[in-house]
Structure formats: C-alpha cells, structure tokens
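Please find below my notes on the model.

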Amino acid sequence: MLDTFKTMAAMMEERWNQRPRGFDLFNRAMISSMVRAFDDDVKTVFVSGYAFPYELLWAFDVAPFDLEIATNNLPQALNGQGSTFMTPAENQGYSQDICSFHRLIIGCLSEGMLPTADLTITSSYYCQGKAKTWEIVANRQGGECVAFDVPNEVSPASIRYVTEQLKDIAGRLAGITGQRLDMDRLKNAIHWSNRARKSLQELNDLMKLKPCPWDGKRASLLGLGGAILLGSPIRDEIHNMLISEITARVEQGKTFPEDYRVLWYPWAPVQQTNIFDTFKENQVSVVMSEPAYVWWSEMDETDPFEALALKALENPQVGTPAKRISNLEAMVEEYDVDGVVHFSTPACYHETTTYPLTSEALKDKGIPVLDIPGDMTDERKYFPEQTRTRVSAFIEVLHG
Ligand code: SF4
C-alpha cells in the first residue's frame, strides 16, 4: 500500500508542477497524508474525517489515516477490482453481507498492508459497521480504540456529553504525541475550518448556475475525503482555486450543455460505473450531492470544544431522518433540480433503512426519485446493464 501511495503521490506532484489545479491539490494533500501515516517518526491516528470533528486533530502533530477512504484509494478499488482485497477477509468468514468497505479494510489488514495506528478513533454515527471493524483492526494491531459516541438529540446534556469525550480524546492525543494541548492552535484550526466553510458555500453557489459548471460527484468526493483538511488552510485554498477555475470556465462559455439537473445522495460509488457517462450522454448534470452540502453552522472560535461537539451533533447522519429530509428538500429547492438519484449499497443498513422515508418525502413534493442498487466498491455486486436500463427509464421520466 505504501509503495502504491508513493507512486500516486509522485504522479500527483508531477501533474501539480505542470498545471496546478484545485482538485489536484485535494488529491495531493489526501495522498501525502496517507503516505505520512506510514512514517515511523509520526504518530498515526486512524480516524474518519467525515464522522469526527477532525479540526481537533490539527491541534496536534499527527498523521490521520481514514481506513475507508485510504483503502478505497487503492487502484484496484478505483478500477473495479476491489474484491481482490475483499476475498482474504471473506476467506476468514467475513460474509459478503458486510459492507464492502469493511471487507476491504480487513482484507488489507490481513495482507499486512495497513500502517500501524498509535490511536484509533471510531464513531457511533454514519455507519453500523465502522465501530466494530475499526475495533477489530485496533485489536489485531494491539492498539487502543476509542469509540466517539454522539447521541441523537441536541440538548445541553448531549452537548456536555460530547464535549467531555472530545476533551478526553484530546488528552489521549496529548498522551501519544507528548504534546500539551495548545488552545491557540485549536482555535486557529476552528478559524480555518470556518474560512473553508465560507468558501465551500461560494463554491456550492456556483453549482446553482445553469448549466451547472462543475460536477456533483467530485464535490461529493471532496466532501468526504477532504473532511480531514477542515482545520487546515489547504481546504480553503482548494475551494478558492476551484472557484477561480469554474468562474473562468463559465466566462469562457466552456460548460457542458444541460437538459436536466439532478441531486445525488447519499454517497457516490468508488468503483467505475456507467452511471455518470449515461447522464452525460443525455445532458443530465449532477448538480449537488449530500456530502458536499454545507450542513453545519459556523463554529464559535472562542469555545472550540463545545463548537466541535455541536458540529458532531448537527451531522445529518446523527438523529432522526427528519434532519436529512429537510436538508434534501433544501437542496432540491436551492439547486433547482428535476430529480433525485439515490445510490443504494445494500450492506449500508442504516442508510437503506432510511431510504423509504427520505424518498417518500421527496416524492410527496413531486420530485422523481431514482434508486440505483449497487455497491460502493465490490464490482461483483454492480450490474452495468441493469443500471443503464434503470437510468435510461429515469431519463424518460424526466423527459415526461
Ligand atoms: S457504505 Fe454505509 S456501511 Fe459502508 S462504510 Fe459507508 S456508511 Fe458504512
């Protein structure tokens, strides 16, 4: 894995030197942090940027390693052979009913491909399999695993509960790094996260233009993979570069023609599919996606722990589906979409269980919803012909 990431990092460096682009800056920052996680002189923390208020980690000298994002950046996963690394897990009894992301992680662990964590932080939300899978990884590596638990409702008690956990995690980070928590450094991370939030909103506002000048799939990847960059000036820089590039494209009239606009949720498949090409052939733009949306409030820089606790509690994946429904309805309105596309990973139980509620709410507003069953990264569970038929039928509905 390390050699693969080093090769990717070198290729990205070359691309960057030839022509610096905002999305390349994102990929470059993400891959270089994965390479850094293998460095024996650096303290490595397994953490999900999208399921943890990552700004806290910018107060310490640590290298983050998101098991799901990292293993899905392997060329096998990206190019539709993710199962290569899932079979070692399946051979140990991890059933194909388990999310492919988690079989991929356990497969990579079994093959000795992962770096060693000094601390593992897993989360109660987003995913029912994450907590157990990450705990298995930490146990096999003989490391410590902390479960970050975020309750369903926002209340003074829940804010206190989450704040105390974040303080405890800060203490553990101080323990592994030998650094004292520097409150000014933490406040600075909150400051940069707020700056990035503002520039992300500007970037997202450009997606409201017709035709849409960017790509909801890339926006989704940036939202999930780029979560570890919230708290660093790099995330703001990525947004500002993208804003300049997209604005120039609009001014030069270089956008793709657009007949229909769709919203995508929840997350975009990692493996190659024929979905986005079919949309493009039919002039359908994916104009926004759930992970790209600015769902959190500006944080109070003077009270970092409580601000981070609130951010975790505000996450749309925490609490009742009403929160997600109201965000989806807001996106439908703001981005003026003609339809909504849902990508189902059957093993993503909490999400697929919510689907009837979210889709019914949208349909009640007169919005057509397409459900595409598939799998994020297991090519054995993705059927291109069936998908093309479904997508084509949906485009017919949009024509209607
Ligand atoms: S697809 Fe669902 S179950 Fe799988 S890792 Fe993501 S959130 Fe978890």
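1. The lining of the second largest pocket divides into 10 nonpolar, 2 polar and 3 charged residues (Ala, Val, Leu, Ile, Met, Phe, Trp, Tyr, Cys and Pro count as nonpolar, Asp, Glu, Lys and Arg as charged, and the others, Gly among them, as polar). A pocket is an open set of points on a 1 Å grid over the protein atoms alone where a 1.4 Å probe fits, with protein on both sides within 12 Å along at least five of seven lines; lining residues have an atom within 4 Å of a point.

2. This is a predicted model: local features need pLDDT of at least 70 and side-chain atom pairs pLDDT 80 or more, whereas totals for chains, interfaces and linings use all residues. Residues are numbered from 1 along each chain as its sequence is written, and side-chain values use heavy atoms, without hydrogens and water.

3. Of the 15 lining residues, Ser33, Arg36, Trp58, Val62 and Pro64 lie nearest the pocket centre. The largest share, 4 residues, comes from α2 (helices are DSSP runs of H or I, at least four residues, and strands of E, at least two, numbered from the N terminus).

4. The structure holds 0 disulfides (pairs of cysteine sulfur atoms within 2.5 Å). For Cys145, the nearest cysteine sulfur, that of Cys127, is 13 Å away.

5. Four strands form an open sheet in the order β6-β5-β7-β8, with parallel pairing (two strands pair if DSSP finds at least two bridges between them). β6 (284-289) and β8 (369-373) each have a single partner strand, so one side of each lacks a neighbour in the sheet. Strand β5 (residues 260-265) is joined to β6 by 5 bridges, and Val262 has Val286 as its bridge partner in β6.
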